[in-house]
Amino acid sequence: MTERTYGVDIETRIEIEQLISELLYRLDHNQADITWELYTEDAVTEGPLGAMNGREAIKAWGAKRAQQTDVVGRHVIGGIRLAWEDGILAGTVTYLTFRDAAEDVLKPASVGEFREQYRKVDGAWCFARREIVPVFGGANAAAHAKRLAEAANAGPR
């Protein structure tokens, strides 16, 4: 059984919200090549694009993603829930993702949640685990993942 407490102090909440915002800003503004800085060395991410284990894998993915300058997207988040679960700070963040490649750019390409765990490293909060879970638009997320993979396999532009 998970021991869950919601006593997250306001300073920690602000630091985590800033961490989340910084990651999404970098993703939305063609700075994926420096997102790795926000993760622990042993971080794990999972989602429609697959799984990445470790900071080096995230760094390699970010470098490739930053080269895809023709992909424009924006994340809108809300409902940030933080709780201590078995001594680990965990969060659930509701998201909407919009992409210019969508059939109707004014409809979200994906709606879901980020399920995250955070760990402090050298005095700063980092992502230790991040799972992207589309609740609606999973087919759109899969199509986007396929387009990115095809673009990556096509080589430099």
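## Helix α2: length

In this predicted model, helix α2 comprises twelve residues, 55–66. At 1.5 Å a residue the helix should span 16 Å, and its end C-alpha atoms do lie 16 Å apart, so expectation and model agree.

Five positions of α2 are named as buried: Arg55, Ile58, Gly62, Arg65 and Ala66. Viewed down the helix axis, these buried residues fall within an arc of 90°, and they therefore line one face of α2.

The face of the helix turned away from that buried side carries Glu56 and Lys64, both of which are exposed. As for the packing partners, the buried residues of α2 pack against two strands, β2 (39–47) and β3 (50–53).

## Strand β2 and its partners

With β3 the pairing is antiparallel and is made through four bridges. A hairpin of two residues connects β2 to β3.

With β7, which covers residues 124–136, β2 pairs in the parallel sense, again over four bridges.

## Threonine 45 in the two pairings

In β3, the residue opposite threonine 45 is methionine 52. In β7, threonine 45 stands opposite arginine 130.

Methods. Residues are numbered from 1 along each chain as its sequence is written. This is a predicted model: local features need pLDDT of at least 70, side-chain atom pairs count only at pLDDT 80 or more; totals for chains, interfaces and linings use all residues. Side-chain values use heavy atoms; hydrogens and water are left out. The expected span of a helix is 1.5 Å times one less than its number of residues. Buried means under 20% relative accessible area, exposed over 50%, partly exposed in between (1.4 Å probe, protein chains only). The arc is that of the directions from the helix axis to the C-beta atoms. Contact means heavy atoms within 4.5 Å. Two strands pair if DSSP finds at least two bridges between them.
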